[in-house]
Amino acid sequence: EYAAIATTLALLFSYPLVYWIAFRGGRWKNLLLLFIVAPFFVTYLIRTLAWETILADQGPVVRVLRDIGILGADGRLLQTGFAVVAGITYNFLPFMALPIYVSLEQIDERLIEAAQDLYASKWRAFVRVTLPLSLPGVVAGTLLTFIPAAGDFINAQLLGSPKNHMIGNVIQSKFLELTDYPSAAAMSFVLMAAILLLVAL
């Protein structure tokens, strides 16, 4: 569930971002793409620990949300499903953004101009031309984001509570804590089979 929500959010955040970079970035394209990839220069664990600090009960985000009344006096973000989804979305956003950018970059802008010359509005040209031509990137980005997110257990362990379970946490617990190797292996195989079925579809 968390992996699917995070994948959807990564798509919703990354598509407008890379669309703007591809068609409006100009000579700053490479620098803007570097900003997207820059978090990869820091290890995954440190990035997740940074989110733990950002969303802490005494951190700046919670303080601001309490001040404007979105969170109550005892409200918190850490150890909630929101924190888990935020961490996964942030950590895997580049996996979604880069394939979509490649698809958008390969679109011949003359096709969009032709659609507008044939009296299509900008929105209709996007829906009928740009979006269909970028779908291979959307599919690739979705798979590249969902597959590692589905097996992730670090975000749920560090940012969530014991109530926030992901399949990766359950498998890890059966392997390392309960030493129930047959069940853990079976769950790993089912997860792999489900992902392979998704890829095949």
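Begin by selecting Thr 48, which counts as buried because its relative accessibility is 0%. The structure shown is a predicted model. Thr 48 has its place in helix 3, which covers residues 44-54. Display the side chain of Thr 48 and follow it to the backbone oxygen of Tyr 44, which it reaches at 3.0 Å. Which residues is Thr 48 in contact with, once its neighbours within four places in sequence are left aside? They are Asn 91, Ile 154, Asn 155, Leu 158 and Leu 159.

**Second stop: Lys 29**

Select Lys 29 in helix 2, the helix formed by residues 29-37. Is Lys 29 buried or exposed? Lys 29 counts as buried, because its relative accessibility is 18% and the cut-off for a buried residue is under 20%. Now show the side chain of Glu 105 as well: a polar contact of 3.3 Å joins it to the side chain of Lys 29. When neighbours within four places in sequence are set aside, the contacts of Lys 29 are Ile 21, Ala 22, Tyr 101 and Glu 105.

Val 138 counts as buried, with a relative accessibility of 12%. The C-alpha atoms of Val 138 and Ile 100 are separated by 5.5 Å, although the two residues are 38 residues apart along the chain. Not counting residues up to four places away in sequence, Val 138 touches Leu 11, Tyr 15, Met 96 and Ile 100.

Now select the whole of helix 5, residues 81-105, together with helix 7. Their axes come within 8 Å and cross at roughly 150 degrees. Why is helix 5 described as roughly antiparallel to helix 7? The description applies because angles over 145 degrees count as roughly antiparallel, and the crossing of helix 5 and helix 7 meets that condition. The crossing in which helix 5 passes helix 7 is right-handed. If the residues of this contact are coloured by class, 14 are nonpolar, 7 are polar and none is charged.

Select helix 9 (residues 167-176) and helix 10 (residues 181-200), whose axes lie 8 Å apart. The two helices pack at an angle of about 155 degrees. Helix 9 is therefore roughly antiparallel to helix 10. Their crossing is left-handed. To view the contact, show the side chains of Ile 167, Val 170, Ile 171, Lys 174 and Phe 175 on the helix 9 side. These residues meet Tyr 181, Ser 183, Ala 184, Ala 185, Met 187, Ser 188 and Leu 191 in helix 10. Sorted by class, the contact of helix 9 with helix 10 contains 9 nonpolar, 2 polar and 1 charged residues.

Keep helix 9 selected and look for its buried residues. These are Gly 168, Asn 169, Ile 171, Gln 172 and Lys 174. What covers them? The cover includes helix 7, helix 8 (154-159) and helix 10.

Select Arg 63 in helix 4. Arg 63 is partly exposed, with a relative accessible area of 47%. Its side chain reaches the backbone oxygen of Gln 58 at 2.6 Å.

Select Gln 79, which lies in the loop between helix 4 (60-67) and helix 5. Gln 79 has a positive phi of about 65 degrees although it is not a glycine. With a relative accessible area of 40%, Gln 79 is partly exposed.

Finish at Tyr 119, in the loop between helix 6 (109-117) and helix 7. Tyr 119 is not a glycine, yet its phi is positive, at about 70 degrees. Is Tyr 119 buried or exposed? Tyr 119 counts as exposed, because its relative accessibility is 78%.

Note on methods. Residues are numbered from 1 along each chain as its sequence is written. This is a predicted model: local features need pLDDT of at least 70, side-chain atom pairs count only at pLDDT 80 or more; totals for chains, interfaces and linings use all residues. Side-chain values use heavy atoms; hydrogens and water are left out. Axes are lines fitted to C-alpha atoms, for helices over the stretch in contact, and angles run from 0 to 180 degrees between N-to-C directions. Helices (H or I, at least four residues) and strands (E, at least two) are DSSP runs, numbered from the N terminus. Angles under 35 degrees count as roughly parallel, over 145 as roughly antiparallel, 65 to 115 as roughly perpendicular and the rest as oblique. A crossing is left-handed if the near helix is turned anticlockwise from the far one by less than a right angle, and right-handed if clockwise. Contact means heavy atoms within 4.5 Å. Ala, Val, Leu, Ile, Met, Phe, Trp, Tyr, Cys and Pro count as nonpolar, Asp, Glu, Lys and Arg as charged, and the others, Gly among them, as polar. Buried means under 20% relative accessible area, exposed over 50%, partly exposed in between (1.4 Å probe, protein chains only). A polar contact is a pair of N or O atoms within 3.5 Å; within protein, one must be able to donate a hydrogen and the other to accept it, and residues adjacent in sequence count only if both atoms are side-chain atoms.
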